[in-house]
Amino acid sequence: MMINRIKKLRTLCILFALCVMSSCSDFLDILPMNEVVLENYWTEKGDVTSVMNSCYETLESGDCLVRMGVWGELRSDNLRIGANVPNEINEILKENLLPSNPMCSWSRFYEAINRCNTVCHYAPQVQAIDPNYTEEEMRTNVAEATAIRTLCYFYLIRTFRDVPYTTQPSIDDSQEYVIAATPFDDVLDSLIIGLEKVKGDAVRRYYTDDSANAYQNSCKITRAAIYALLADLYLWKGDWDNSIKYCDLVIDQKREQYKEMVDREGNVNNIALFGDIPMILEKPVGSTVCGNTYNEIFGEGNSFESIFELYFRTGQNQQNTWVSNYFGNNTNTMGRLSAPDFLAKDVALGTNSVFKKTDGRIYESTELSNSRYAITKFTRRSVSYSTQNVSSEKDLGLVSSRRSSGDANWIFYRLSDMMLIKAEALIQKGAEYYAPAFTLINAVNKRANDVTTSARSDTLKLADYSDSKASMEELLMAERQREFMFEGKRWFDLVRLARRDGDNARLISLTSRKYIENVNAIKIKLADPNIIYFPYAKSELKVNPLLKQNPAFDMGDDSELTK
């Protein structure tokens with residue numbers, strides 16, 4: 001038995017050594033796992049569990065996290081230069097993006113994809129030989145792996161548009177993995193079909209109470225996480241009815257969860273209904289200060305509103321590299337990135353065009369430091385302040401505590417995302433749906449402005465926006481910016497808008513607000529419909545002759561590739 005265990009451990013070490021080696025390579029250089037190793041390895045439930053866990057761990061890696069932030073946020077109107085910015089980040093901020101930029105590398109995402117493909121391939125075989133590994137457990141693991149693989153591909157197509165696509169694992173030395181790029185729409189359709197097949201196999205909830213392990217309901221793939229991902233995928237596809245359907249399934253589950261809490265506890269002081277949707281209050285019942293929403297969603301993490309997020313904790317080897325390295329958490333620095341003035345300046349004076357003076361989201365997420373607005377979202381562990389009778393920032397009485405390490409969770413989907421995805425889909429269905437879309441947008445806005453009683457009136461009015469689809473879209477995009485700023489969503493929102501418009505005009509109008517220098521030159525550059533995507537890394541072009549560079553970054557010769 002001990003000898004078999006040693007052999008098993010040796011095999012496990014070889015397997016993960018291969019995975020580690022592959023993390024340093026490009027997609028096409030990822031080494032196939034040796035057949036002998038695999039025959040010895042995939043024999044019991046624990047083998048599947050180990051590789052399944054490694055799929056999550058790859059998402060948590062610095063290489064993935066930084067790119068989630070860079071790809072989804074950096075080029076948007078939310079971010080500008082801070083202090084001591086690395087050159088590869090600074091060049092992207094200046095819209096001087098080249099195939100040689102390290103941020104164009106996608107190898108870590110394909111590593112995660114290959115691990116997920118391997119789970120999907122071998123889990124059924126293990127279930128057939130291990131009596132302790134039930135079919136239900138196997139189907140759950142396949143659903144998890146399919147969802148993580150889908151999420152990775154979703155990041156890739158939103159960033160690069162057309163990408164190499166495969167659901168087959170790299171397990172055989174004889175396999176050929178020089179793959180041409182699959183068009184965006186074809187990948188999107190395949191991702192939806194794959195998730196639709198496994199959605200019913202995912203765990204609904206791992207825990208139904210408030211036990212110490214309940215965080216797993218949002219830091220592992222659940223059925224709600226798959227529904228949220230499907231809602232987003234269908235939004236990008238332009239299938240409004242299906243997007244709405246999956247948003248409603250998630251919202252309904254949150255209503256059910258809230259009812260269970262009320263039945264169990266009697267009074268839930270930190271959550272209230274906005275319309276008929278339960279949301280975390282800025283000011284819990286009995287409190288006189290705001291900040292509770294931030295504290296629960298970003299300070300503690302895995303909140304009532306969470307659907308899927310990556311879980312980090314103090315003392316864990318893996319840290320949230322994007323937050324700690326680029327947003328900064330040192331009280332003496334502003335971080336490598338900062339918010340543009342139009343987003344954060346003079347909010348408390350009531351003259352800011354993006355935020356009302358009562359909107360706590362801006363106070364929670366930024367602070368003035370050395371003439372720039374440092375980003376504090378994620379880096380603060382807690383905040384408290386008052387938005388009553390505010391005429392200057394001093395009136396807020398804001399008190400905050402900082403994290404000492406990068407243990408902030410990274411959130412993919414939360415309840416307000418479902419509300420605003422549904423609102424966007426409703427707007428696209430036509431004028432008769434503007435009112436229910438507005439109700440959802442207004443609920444998110446009311447929560448942020450602490451509008452819970454008649455003592456404070458709504459800050460939005462339907463009549464100001466319902467005269468045209470463009471006005472409703474403008475309202476929706478503005479609310480998404482306020483709600484999700486610095487969360488890795490804004491550039492993708494602008495790309496989706498440009499794809500739907502068929503041109504980059506509105507993307508340019510919004511993005512150019514952050515620029516101070518070379519504004520006209522950047523506007524001209526951004527007019528190219530291909531420029532909104534990243535170029536393929538030069539390393540990928542070297543090893544895969546079937547990849548054709550994005551025309552916006554095609555140098556016309558090999559000069560860039562030989563650098």
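**Notebook: strands, core and confidence**

I began with strand E8 (residues 366-369), which pairs with strand E9 in the antiparallel sense over 4 bridges. Strands pair here if DSSP finds at least two bridges between them. Helices (H or I, at least four residues) and strands (E, at least two) are DSSP runs, numbered from the N terminus.

I noted the ground rules next. This is a predicted model, where local features need pLDDT of at least 70 and side-chain atom pairs count only at pLDDT 80 or more, while totals for chains, interfaces and linings use all residues. Residues are numbered from 1 along each chain as its sequence is written, and side-chain values use heavy atoms, with hydrogens and water left out.

**Entry: around E9**

**Entry: E4 and E5**

I turned to strand E4 (residues 271-274), which 4 bridges join to E5 in an antiparallel run. Leu273 stands opposite Pro278 in E5. Their hairpin has 2 residues between the strands, and Gly275 has a positive phi near 70°.

Which way do the side chains of E5 point? Ile277 and Met279 point one way from E5 (residues 277-280), Pro278 and Ile280 the other way, and all are buried. Buried means under 20% relative accessible area, exposed over 50%, and partly exposed in between (1.4 Å probe, protein chains only). In a regular strand the side chains alternate between the two faces of the sheet.

**Entry: the core**

Which residues touch the most other members of the largest nonpolar core? I found Val70, Leu156 and Met418, in a core of 166 residues. Helix H7 (residues 135-160) gives the most to this core, with 14 residues. A nonpolar core is a set of buried Ala, Val, Leu, Ile, Met, Phe, Trp, Tyr and Cys residues joined through side-chain atoms within 4.5 Å. In soluble globular proteins, nonpolar side chains tend to be buried together.

I listed what Val70 touches, not counting residues up to four places away in sequence: Arg75, Ile89, Ile92, Met103, Trp322 and Phe534. Contact means heavy atoms within 4.5 Å.

I checked the span of helix H3 (residues 45-60), which has 16 residues and reaches 23 Å from its first C-alpha to its last, close to the 22 Å expected at 1.5 Å a residue. The expected span is 1.5 Å times one less than the number of residues. The buried residues of H3 include Asp47, Cys55, Tyr56 and Glu60.

I found Gln216 in helix H9 (residues 216-219). Gln216 counts as buried because its relative accessible area is 15%. Leaving aside neighbours within four places in sequence, Gln216 is in contact with Tyr206 and Tyr207.

**Entry: whole chain and confidence**

I counted 22 helices and 12 strands in the chain. Of its 563 residues, 58% count as buried.

I looked at pLDDT, the predictor's confidence in each residue from 0 to 100. The chain mean is 89, and 88% of its residues reach 70 or more. Over residues 1-36 the pLDDT is below 50, and this stretch has 67 contacts in the model beyond near neighbours in sequence. The pLDDT also stays under 50 over residues 558-563. Where pLDDT is low, the predicted coordinates should not be read in detail.
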